[in-house]
Amino acid sequence: MRNVAWKWGGGSVAILVAIVIFIVPFTFIVFTAGKTQAEASFLEFTWPTEWVLFENIATVLQNRDWLLVRAFVNSTLLTVGAVSIMVVLGAMVGYVLQRRKSRWNPVVNTLVLAGLIIPPAVVPTIWVLQGLGLFKTLVGLIAVHVAFGLSFCILLFRAFVATIPRELDEAAVIDGAGPVKLFFRVIFPLLRSVIVTVIVVQAVFVFSDFTYALYFLPGDANATVQLTTFNYISQSASAFNLLFADVLLITIPPLIMYIFFQRQIVAGMTSGAVKG
Amino acid sequence: MTTATATGRTATGRTATSPPKPAKRKPMKSPYPSWFFIPAGVFYVVLFLVPTVASFYFSLTRWTLFDVEFIGFDNFIRFFQEPQLVTGFINTFIYAFLTSGAKVVLGLLFGVLLSSQIIGRGFLRATIFFPVLVSTIGVGILFKVLMDPFDGPINETLAAIGIQGPGWLTDPSIALLSVALVDIWKGVGLATLIYIAGMVAIPQEYYEAAKVDGAGAWNNFRHITLPLLRPATVTVVLLSLIGGLRSFDLIWAMTGGGPGFTSDVLASVIYKQYQAGFFGLSTAGNVVLFLVVAAIIFPLSWWLNRKEADQ
């Protein structure tokens, strides 16, 4: 009896609270993005008297010589580039780190943990990038994301490689596979499920990143989508409808990722929970 | 770049000198080659390790990227003398411990709630987690508007029920707390899911055994759930502390460190000094942040994991 009350009563209350606390703010984005500039400036949580959502989106996309469209191209290149490099290189390290016991392992493990914990030193990184001629370039930002994101990938790959039986490697070696063939032909395809996890988690992270883009890729020429919102605030403080149309647009890609890859995202982000 | 080749050389140097010892049989080439470390290592060393090590030197200089002048510990002395920099230093701790503590408590609460038999579990889990994925800047912009002291929906709602809402982001004494509140709103979903994953890993037999022994709901929670959720708690504490100490984008989007410098944290001080062209001072801030993170996280993770091993 008590359980039934809890199941329905508690559940209903929780759903109600969740709607007010989590759904209403997102609805506010949609409503404001759908209003005219005059109506949006009241900042009210109301149904728009006149829906101009698509006009606003079109305006935002065209604004400042299609800045947002170029930003979407940049962010896509950035995300695809950084994540694919991270996945391949991270898998290589995680694989050898798990398979081979050598005296370098403690050093590598320490460096991996340091990469997760230590905040990057920003200005010296700019100094290095400038020395390499990569400051303010998309390639430079990709490289930075790879460097900062590798640790997370390595940890996930190392844990997963441990579940692949060694007999498989031995069989492949006996069949005459060299180290490269063994890894890319035999092991890498077996990592598929963890690769999907790493890709979606890192893609969401890289796409949503603001800080590194702000430091290492400043300026409008190569803006990423997160920076476009910020330019909006300083540029047109009163056009809340356009600002929120922009926010809405950059929220959609993670939302799509979440709808399709909920399980993998949750698995990747909570991977530390059980084994500590 | 130089360091990368140097480590590469020592690595090959070692492997080159070690084989001659067992000269009688040629060791079979390992199917797990060390050079697999090198491509990743180049990125890591050049763009993470070198800047981190270099930051210790540059923090002792007056630096403009073209011109470096060694000035000893002046930057650090300045860091702990100027009130706005000291405020940023203290705020970092307040912000990190507040958000971390709240995420542990609320995450545990929601985790237990969403593991129990209630309707709409899937919906609730998805809803609470989604803000984790939304861009921090988007969330910052959204709440900056929602928390507007005059026209913002939050204060208008409060006014409708007769409460005078505070100036969330404009009142110097609560601006930092308001940002922390939004940080908790955004991050609690992750903590909750980590706790749920921990709950799933607890064998049901324990609860059945406790039931036989006549344990109530509270005893179950206190003596089974809580101790066995320890790994989840460790993860939540460490993740949220690391994130909280380095936190920058939410604060930057919502207050820019203001009003004045009352909601500055180390990371925003670093950015402001960089913007102002004080690269040496900015890097000193980075070193301070490094030391703070290291001084908190390493002992804490050692302590938490040791306690876990004891049990």
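The predicted model scores ipTM 0.88 and pTM 0.87. For chain A the mean pLDDT is 87, with 95% of the residues reaching 70 or more, while for chain B the mean is 85 and 89% of the residues reach 70 or more. Among the elements of chain A, the lowest mean pLDDT, 49, belongs to helix α13 (residues 272-275) of chain A, and the highest, 93, to α6(A). Among the elements of chain B, helix α1 (residues 2-17) of chain B has the lowest mean, 41, whereas helix α2 (residues 37-58) of chain B has the highest, 94. The pLDDT stays below 50 over residues 1-24 of chain B, a stretch that has 13 contacts in the model beyond near neighbours in sequence. Where pLDDT is low, the predicted coordinates should not be read in detail.

The secondary structure of chain B comprises 14 helices and two strands. An unreviewed UniProt entry places the feature "domain: ABC transmembrane type-1" at residues 89-300 of chain B. This span, residues 89-300 of chain B, is 76% helix and 0% strand in the model, and its end C-alpha atoms lie 20 Å apart.

The annotation "transmembrane region", also from an unreviewed UniProt entry, covers residues 35-58, 93-114, 126-147, 174-197, 228-245 and 278-304 of chain B. Residues 35-58 of chain B are 92% helix and 0% strand, with end C-alpha atoms 32 Å apart, and residues 174-197 of chain B are 96% helix and 0% strand, with end C-alpha atoms 34 Å apart. For chain A, UniProt (unreviewed entry) gives the feature "transmembrane region" at residues 12-33, 71-95, 107-129, 141-161, 182-207 and 239-261. In the model, residues 182-207 of chain A are 96% helix and 0% strand, and the end C-alpha atoms of this span are separated by 33 Å. Residues 239-261 of chain A are likewise 96% helix and 0% strand, and here the end C-alpha atoms are separated by 34 Å.

Contact between the two chains involves 75 residues of chain A and 72 residues of chain B. On the side of chain A that touches chain B, the largest share, 14 residues, is supplied by helix α1 (residues 2-33) of chain A. Sorted by class, this side of chain A has 53 nonpolar, 16 polar and six charged residues.

The largest nonpolar core has 168 residues, and those with the most contacts inside it are Ala147(A), Leu150(A), Phe157(A) and Phe43(B). Helix α3 (residues 53-99) of chain A gives the most to this core, namely 17 residues. Because domain 1 (2-58) and domain 2 (84-310) of chain B both give residues to the core, it lies between these two domains. The surroundings of Leu150(A) can be set out residue by residue. Leaving aside residues up to four places away in sequence, Leu150(A) touches Met86(A), Leu89(A), Gly90(A) and Gly115(A), and also Ala40(B), Phe43(B) and Tyr44(B).

Several local features of the backbone also deserve mention. Arg64(A), which is found in helix α3 of chain A, is not a glycine and yet has a positive phi of about 50 degrees. Arg64(A) counts as partly exposed because it has 14 C-beta neighbours inside 10 Å, a number that falls between the limit of 12 or fewer for an exposed residue and that of 20 or more for a buried one. Lys136(A), in the loop between α5 (122-132) and α6 (138-161) of chain A, is another residue other than glycine with a positive phi, near 65 degrees. With 16 C-beta neighbours inside 10 Å, Lys136(A) too counts as partly exposed. In chain B, helix α9 (residues 204-212) has nine residues, of which the number buried is zero, and this helix therefore lies largely in the open. α9(B) is followed by Gly214(B), which has a positive phi near 85 degrees.

How values were computed:
Residues are numbered from 1 along each chain as its sequence is written. Chains are lettered from A and ligands numbered from 1 in the order in which they are written. This is a predicted model: local features need pLDDT of at least 70, side-chain atom pairs count only at pLDDT 80 or more; totals for chains, interfaces and linings use all residues. UniProt positions are given in the numbering used here, feature names are shortened, and annotations may be inferred rather than shown by experiment. Helices (H or I, at least four residues) and strands (E, at least two) are DSSP runs, numbered from the N terminus. Two residues are in contact if their C-beta atoms, placed from the backbone, lie within 7 Å. Ala, Val, Leu, Ile, Met, Phe, Trp, Tyr, Cys and Pro count as nonpolar, Asp, Glu, Lys and Arg as charged, and the others, Gly among them, as polar. A nonpolar core is a set of buried Ala, Val, Leu, Ile, Met, Phe, Trp, Tyr and Cys residues joined through C-beta atoms within 7 Å. Domain bounds come from an automatic or database domain assignment. pLDDT is the predictor's confidence in each residue, from 0 to 100.
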